[in-house]
Amino acid sequence: MPSRWRASSGSREPAQLLGQTLHGIVKLESLLYKDALAERYAGRLLDNTSVKVTVFNQAFSPDAERISSLVTTKTLLDEPLPAAIAATHAWDLGESDPGYIIEGLAAGPSLRVLIDERGKLDWRTAIKLTCSTARALEWMDNQGVTHRLLQPDTVSITNIKKGTVHLGE
């Protein structure tokens, strides 16, 4: 299968954008995590709304097929979204450098942070979180969308006792 990302020129030090306002839209307040494709920041829109911002590494940029796929996904996941699905506020993957996606920020920690802090989860909590995640994925599937980046960093826990989650990216 061909890559949906192509190499581009330029480089940036990790967290170099911290504290900056990206394209006059969002202030990047803290680095949440990074991987091979992007850095994820907590930030605030100019209206003070808390958001999560994915800023793609300058070494990668999405190809035309990936951009088209994201536009289709946004159309299929029209508002209002269930609470378990992050809303997308803005994005620019083709024109700006760096490319970015701005989405709603969950009210709780990611599953990765929760496991790092608590260690192994008890089976009842794990079942609740798994069922909530599955319901969100099922809703997306019913809309014709497949979540392609499900990982502990993209599942946030909004209420541990109720087992409610918030899917991002």
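How exposed is His23, by relative accessible area? His23 is partly exposed, at 38%; here buried means under 20% relative accessible area, exposed over 50%, and partly exposed in between, with a 1.4 Å probe and protein chains only.

1. Basis of the note. This is a predicted model, in which local features need pLDDT of at least 70, side-chain atom pairs count only at pLDDT 80 or more, and totals for chains, interfaces and linings use all residues. Residues are numbered from 1 along each chain as its sequence is written, and side-chain values use heavy atoms, with hydrogens and water left out.

2. Overall make-up. The protein chain has 3 helices and 10 strands. These elements are DSSP runs, numbered from the N terminus: helices are H or I with at least four residues, strands are E with at least two. Along the sequence the pattern reads β-β-β-β-β-β-α-β-β-α-α-β-β. The chain has 169 residues, and 38% of them count as buried. Take the contacts (heavy atoms within 4.5 Å) with a separation of 6 or more: 57% of them join residues 24 or more positions apart.

3. The open sheet. Six strands line up in the order E2-E3-E4-E5-E8-E7, with antiparallel pairing. Two strands count as paired if DSSP finds at least two bridges between them. Strands of a sheet pair through backbone hydrogen bonds, either parallel or antiparallel. At the edges are E2 (21-22) and E7 (88-92), each pairing on one side only.

4. E2 and E3 run antiparallel and are joined by 2 bridges. Thr21 stands opposite Lys27 in E3, and Leu22 has Val26 as its bridge partner there. The hairpin has 3 residues between the strands. His23, in the loop between E2 and E3, has a positive phi near 55° in a residue other than glycine. This is the partly exposed residue of the opening question.

5. E3 and E4 pair in the antiparallel sense over 7 bridges. A hairpin of 3 residues joins the two. Lys34 has Glu39 in E4 as its bridge partner. Further along, Asn48 lies in the loop between E4 (38-45) and E5 (50-56). Asn48 is not a glycine, yet its phi is positive, at about 80°. Asn48 counts as exposed because its relative accessibility is 52%.

6. The E9-E10 hairpin. E9 and E10 run antiparallel, joined by 4 bridges. Val155 stands opposite Leu167 in E10. There are 4 residues between the strands, and Gly163 takes a positive phi near 75° in this hairpin.

7. The largest core. A nonpolar core is a set of buried Ala, Val, Leu, Ile, Met, Phe, Trp, Tyr and Cys residues joined through side-chain atoms within 4.5 Å. The largest one here has 14 residues; Ile85, Leu129, Met140, Ile157 and Leu167 have the most contacts inside it. Helix H3 (123-142), strand E9 (155-159) and strand E10 (164-167) each supply at least two residues of this core. H3 gives the largest share, 3 residues. Met140 touches Leu77, Ile85, Val145, His147 and Leu167, leaving aside residues up to four places away in sequence. Apart from this core lies another, of 11 residues, among them Leu17, Leu45, Val51 and Val55.

8. Asn142. This residue is found in helix H3. Asn142 counts as exposed because its relative accessibility is 57%. Asn142 and Leu76 are 66 residues apart in sequence, and their C-alpha atoms are 9.9 Å apart in space.

9. The second largest pocket. On a 1 Å grid over the protein atoms alone, a pocket is an open set of points where a 1.4 Å probe fits, with protein on both sides within 12 Å along at least five of seven lines; lining residues have an atom within 4 Å of a point. The second largest pocket holds about 300 Å³ of space, a volume being the space filled by probe spheres set on the points. Its lining has 20 residues, of which Leu32, Tyr33, Ser110, Asp153 and Ser156 lie nearest the centre. E3 (26-34), E8 (100-104), H2 (111-118) and E10 give two or more residues each. H2 has the largest share of the lining, 3 residues. By class, 8 lining residues are nonpolar, 7 polar and 5 charged. In this scheme Ala, Val, Leu, Ile, Met, Phe, Trp, Tyr, Cys and Pro are nonpolar, Asp, Glu, Lys and Arg charged, and the others, Gly among them, polar.
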